[in-house]
Amino acid sequence: MSTENKEFKLRECPFCRKSSALLRQPYFAPLWMVECGNCHCISALFETQEKAVEFWNRRNSDNE
């Protein structure tokens, strides 16, 4: 399992609005997800870091 962690800008959590999101890999798969360090909300699993970050940062409206 790769532990390479590039620098990515993660938006605040869409639920608790804290800026404590972390890009990580679950122990059971060579996939990537983003987890809020405050409320522990997690994203879906993705094959690349870039896809996980893109999903986490996407909002219905960018005018928030």
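Predicted model: local features only at pLDDT ≥ 70, side-chain atom pairs only at ≥ 80, totals over all residues.
**Exercise 1.** Determine whether Phe 28 is buried or exposed, and name the surface patch it belongs to.

Solution. The relative accessibility of Phe 28 is 54%. Exposed means over 50%, so Phe 28 counts as exposed. Tyr 27 is exposed too. Together with Leu 45, Tyr 27 and Phe 28 make a nonpolar surface patch of about 400 Å².

**Exercise 2.** Classify the 2 aromatic pairs of the structure.

Solution. Start with Tyr 27 and Phe 28: their ring centres are 5.4 Å apart and their planes stand at 90°. An angle over 60 degrees counts as edge-to-face, so this pair is edge-to-face. Next take Phe 46 and Phe 55, with 5.2 Å from centre to centre and 45° between the planes; this pair is tilted.

**Exercise 3.** Decide how Phe 46 and Phe 55 are classed by accessibility.

Solution. Buried means under 20% relative accessible area. Phe 46 has 17%, so Phe 46 is buried. Phe 55 has 33%, so Phe 55 is partly exposed.

**Exercise 4.** What percentage of the residues of the protein chain count as buried?

Solution. The protein chain has 64 residues, and 33% of them count as buried. For the surface, the accessible area of the chain is about 4,600 Å², with 51% belonging to carbon and sulfur atoms.

Conventions: Residues numbered from 1 in each chain as written. Heavy atoms only, no water. Patch = residues over 30% accessible without salt bridge, like charges linked within 9 Å, V, L, I, M, F, W, Y side chains within 5 Å. Areas by Shrake-Rupley, 256 points an atom, 1.4 Å probe, with all protein chains shown as cover. Salt bridge = Lys/Arg side-chain N within 4 Å of Asp/Glu carboxyl O. Buried < 20%, exposed > 50% of the residue type's maximum accessible area, 1.4 Å probe, protein only. Phe/Tyr/Trp six-rings, centres within 6.5 Å; stacked < 30°, edge-to-face > 60°.
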